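The following questions and answers examine how terms are applied to a structure. Each answer sets a value against the rule behind the term.

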Amino acid sequence: MQILSALVVSVLALSNGAAAAFDCKKAQVAGFTYDLSALSTEITLESNATTPPTITGTNYKLNICGPLASAPDSVPEIDRCPANAWVCRSVTNYKKDEKSRVTEVNAVAGVSSKDEPSLEARASGNESPREFHWKMSGTKVDNVEWSADIKLVCDKSAKNENPPTLVGFSQGVLSLEWSVPAACALGDSGDGGKDKSPDNDKDDTSSQGGFFSTLFTLFIVGSTLYLVVGVLYKSLVVRATGLDMIPNLAFWREFPYLCADFAQHMWDMASGRRRDGIYTELGDRVPHAWLKPDMVNKTKAAELSTSGYTTSAKLGQRMHQRYPELWSRLESNAQTIQFVSSEFQRTIATANAFRSAADPQNQTLPVKVIPLDSDSILAMKLTCPRWAAAKTTVQTQVANEISTFDAIYGAELQAHVSKGLLKHSAHELTPEQIQTMYRLCGYDVSLYSEHSHWCTLFDERTSALLELRSDIRYSRVYGPYGALINQHIACSLFSTIVKDIDQALRNPSTASSMFRFGHAETLMFVSNLLGLDQALGLTAPPITGNMTFEQSLHRGFRTTTLVPFSSNLGIELYVDQTSQAFFRLLLNERVVRLPGCTSDVCPLGVLRSKLADDVGCAYADICQV
């Protein structure tokens, strides 16, 4: 049996961006910028204590801008500071007429190459903080996680060369205080950087008024041209009518929500509040090393993480190895294998990472990107008003089911999580906060291969319960237990797939393989149409808040099975010697049999029968409100 085509692989980049390296020159504290580069040097603090008949010397070496340099080869390896340490503590024992002996060397701050410090302060209105804390966790000694807390104080009368003052080392926490000019915000002249001269105020007002008038005029002219040209293009070229003539309609529908989020963010900055979510809610309950800044950095949310890039590239390599005869056709036709992505930065990056690894000789065409405002293939939730309306309608049902779940299982989850918290009772946490902690466990495992932080709070049962709580929402907003539109919204995608199948069967010698890159909800919509929840589940009870734990284990709709990190779905097309067509379905690279298939390689007629009511659908009509 010969494989003709691998028709669809929908690769999902479900990760946040990787953390950027800590930049001492542009350190951000409460919305203000500080240049700490003048402090980027290794400093050694020493203290001695008389411990008859010996003297014990404690040495602290630190650099707040980066890991310490490696010790020279003359220092025995056992006496060196650990690699990646930013702050190191060593203890040496001295005895008269005897050689000194190093008795302890440990990292107070910094363990892995990914560790970075956090800068914390309270802002007062528009004034920059006059002091803030540099904090970072280190190694664990006798089940106590060490850390450094350096209080930096703005002091323009001091010198940056002055060393910090050792406050103390207690219960694994090294406390230092450092008064230096570098701890003053950029532009801070002692009065907030403002010139209160009335004459200067007048000049500034005049110049600012002219600038903003010009800017406003350019905005009006540019907006008018954008609207006129966009409407003409949509009308004459795309043949759009009504509201569809508005350029980038999907974006403008989301614009009010973006503005609301931006306004909330600005208000939080002005009022000195932090809405870093997990920092604010859980920051005093868990070790600081658990709180990775990149996981709450909204500016990084659209980017593909380093782990996401690596995972996508490895998947591309496996596809190259799995289908060698498909890649061999590229020499005669570059369109034999094609790549298509939705218009999101993360999915485009995923597609490029996959393509680079799968096609190392760069024989294929560049990734084709589908514009968001017309994407009924991969980002259908943005172009289907009926689904958007149904999502709003179903929220009440979701809230009721989750409330029922919390009433039954909430106390059990709180009691279990409380065992792993350092401080406070978990009864102070809401079920939603515990759900967030479980989600951060998933991020730790997927992005950092880290199992010793958030994941230590959960066992197999609590993990299964929290997944069920999450699936109550997903199964209704995107899955089979929501509105009827969820069952058919992927019809445009499968109409395209069937068209590809028919083209391949008509002319096998020119059959092409398509790799499409979308989103988690793309695959959930596909699952609805194919009935994957029934194919995967032992039974198919509706997902409800009061279902028993045993019932939940047999449900077919399970997001960790359907859409784990870097999920993918593949449809392989085969023909035998009699030209009869077959297909094989792979979910996350594992074979799945649809109902009606008696073997892994199944007659194509089973798939055609499954899709009969949706192939050739009028997408615009079924999505019309």
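Q: How many helices and strands does the secondary structure of the protein chain come to?
A: In this predicted model, the protein chain has 17 helices and 19 strands.

Q: What makes Arg469 buried or exposed?
A: Arg469 has a relative accessible area of 4%. Buried means under 20%, so Arg469 is buried. Across the protein chain, buried residues make up 43% of the 625 residues.

Q: Why does Glu432 count as partly exposed?
A: The relative accessibility of Glu432 is 44%.

Q: What makes the pair of Arg469 and Glu432 a salt bridge?
A: The closest N and O atoms of Arg469 and Glu432 are 3.2 Å apart. Because the rule asks for a side-chain nitrogen within 4 Å of a carboxyl oxygen, the pair is called a salt bridge. Arg469 is in helix α9 and Glu432 in helix α8, 37 residues apart.

Q: Why is the pair of Glu589 and Arg318 said to tie together parts of the chain?
A: The closest N and O atoms of Glu589 and Arg318 are 2.7 Å apart, in a salt bridge. Glu589 lies in the loop between β17 and β18, whereas Arg318 lies in helix α4, so the pair ties together parts that are 271 residues apart in sequence. With a relative accessible area of 22%, Glu589 is partly exposed; Arg318, at 35%, is also partly exposed.

Q: How do you know that the side chains of Asp502 and Arg608 meet in a salt bridge?
A: The N to O value for Asp502 and Arg608 is 2.7 Å. The limit is 4 Å, and the pair therefore meets the rule for a salt bridge. Asp502 lies in helix α11 and Arg608 in helix α16, so parts 106 residues apart in sequence are tied together.

Q: What makes Arg461 lie over the face of Phe549?
A: Arg461 is 4.5 Å from the ring centre of Phe549. The distance limit is 6 Å, and an angle within 35 degrees of the ring normal is required as well. Arg461 is found to lie over the face of the ring. The charged end of Arg473 likewise sits over the ring of Tyr474, at 5.5 Å from its centre.

Q: Which residues have the most contacts inside the largest nonpolar core?
A: Phe458, Phe494, Leu530, Phe583, Leu585 and Leu607 have the most contacts inside this core of 77 residues. Helix α7 gives the most to this core, with 9 residues.

Note on methods. Residues are numbered from 1 along each chain as its sequence is written. This is a predicted model: local features need pLDDT of at least 70, side-chain atom pairs count only at pLDDT 80 or more; totals for chains, interfaces and linings use all residues. Side-chain values use heavy atoms; hydrogens and water are left out. A nonpolar core is a set of buried Ala, Val, Leu, Ile, Met, Phe, Trp, Tyr and Cys residues joined through side-chain atoms within 4.5 Å. Buried means under 20% relative accessible area, exposed over 50%, partly exposed in between (1.4 Å probe, protein chains only). Helices (H or I, at least four residues) and strands (E, at least two) are DSSP runs, numbered from the N terminus.
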